Amino acid sequence: TIIKCLRRSLLPNLIKHLPEQEQLNALSKFKSEYNNLSEPEQFGVVMSNVKRLRPRLSAILFKLQFEEQVNNIKPDIMAVSAACEEIKKSKSFSKLLELVLLMGNYMNAGSRNAQTFGYNLSSLCKLKDTKSADQKTTLLHFLVEVCEESYQDVLNFVEDFQHLDKASKVSAENLEKSLKHMESQLQQLEKDLQTFPVPEDKHDKFVAKIFLIHAKEDFQKLSRMHENMEKIYQNVMGYYAIDLKKVSVEEFLTDLNNFRTMFMQAVKENMRRREAEEKQRRAKIAKEKAEKEKQERQQKKKRLLEMKTEGEETGVMDSLLEALQSGAAFRDRRKRTPRHTTKSQSNYTAACAESL
């Protein structure tokens, strides 16, 4: 009953602080004084009556944790296997590698690295380090631009690598350690079950209910999946001429995942750059249009002023010519009566009279 009430979170602490068998045997002698003991002592007395308590607790804990261990290991194995399959089968990625090699050979023309037949995949991440003369763009951005303009299908490699991100976080070493630990736990459980005495209590169902057979089957399936994963990643790394002694599968997948992330970032940055350039272009066009309209308005205003001035001058001259032709200008002059006559004017008038 006590064992049934135990929670998985309590079992590790219980096993860790469990008294030695000699101490448990000593506690069992106080069974007759159970009611006079404190609660911790009573608990110890009850626990001392369970045969082979430590192996039982370890087996129960393993049973409770087994499914969780499988669920932690299995997805990692599947992610690495799937990622390696995607890397090898992706035609878009193969085309991308060709473009990178072509660009490298073009840039290295005339040097000792010209006409190279291949390169290390870890070099893909270094494309971002090669910058243009104005330091505003990189070789990676140029590669993305070339793909966007002429090789749209190459961009699909990002979508092809669906499992790469998860696989790059998997440690092959930790996977192997976890599987070995599970195997040792199963072996220990099998050994303990073989040495368990025949239960004296008819209610003791520990041996009958144990899940050893089922656990061994699940572990064997997991082991076969792990072996298959190793074959797959060894095959794909051999396909790309990568030395397994120098480069681990984690490094291989991490490099590719970093490049994938950089490539997607470069796509976004190119898009933002084009949007900024388009915005500047539109702003420039709008500014030029505004300046042109301003100049046109000023020229129109100037022409209107010139036309008005010309119109006024033309009107004055027309009126003068009309007055001269009709004699109105002279009649108006004769009708004027001088207000006073100067001496010189009187003399001039007298002289005119004498002459008449």
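Analyst: A salt bridge is counted where a side-chain nitrogen of Lys or Arg lies within 4 Å of a carboxyl oxygen of Asp or Glu. The model is predicted, and the structure holds twelve salt bridges. Three of these pairs are described here in turn.

In helix α13, which spans residues 249-326, Glu277 and Arg273 are four residues apart, about one turn of the helix. The two form a salt bridge whose closest N and O atoms are 3.3 Å apart. Glu277 is partly exposed, with a relative accessible area of 42%, and Arg273 is likewise partly exposed, at 27%. The pair also belongs to a network: salt bridges with shared partners join Glu145, Arg273 and Glu277.

Helix α10 (residues 172-195) carries another pair, Lys180 and Glu176, which are four residues apart and so separated by about one helical turn. Their salt bridge has its closest N and O atoms 3.6 Å apart. Lys180 has a relative accessible area of 52% and therefore counts as exposed, the cut-off being over 50%. Glu176, at 35%, is partly exposed.

In helix α5 (residues 53-89), Lys89 and Glu85 lie four residues apart, about one turn of the helix. Their side chains meet in a salt bridge with an N to O distance of 3.8 Å. Lys89 counts as exposed because its relative accessibility is 63%, whereas Glu85, at 31%, counts as partly exposed.

Definitions and conventions. Residues numbered from 1 in each chain as written. Predicted model: local features only at pLDDT ≥ 70, side-chain atom pairs only at ≥ 80, totals over all residues. Heavy atoms only, no water. Helix = DSSP H or I, 4+ residues; strand = E, 2+ residues; numbered from the N terminus. Buried < 20%, exposed > 50% of the residue type's maximum accessible area, 1.4 Å probe, protein only.
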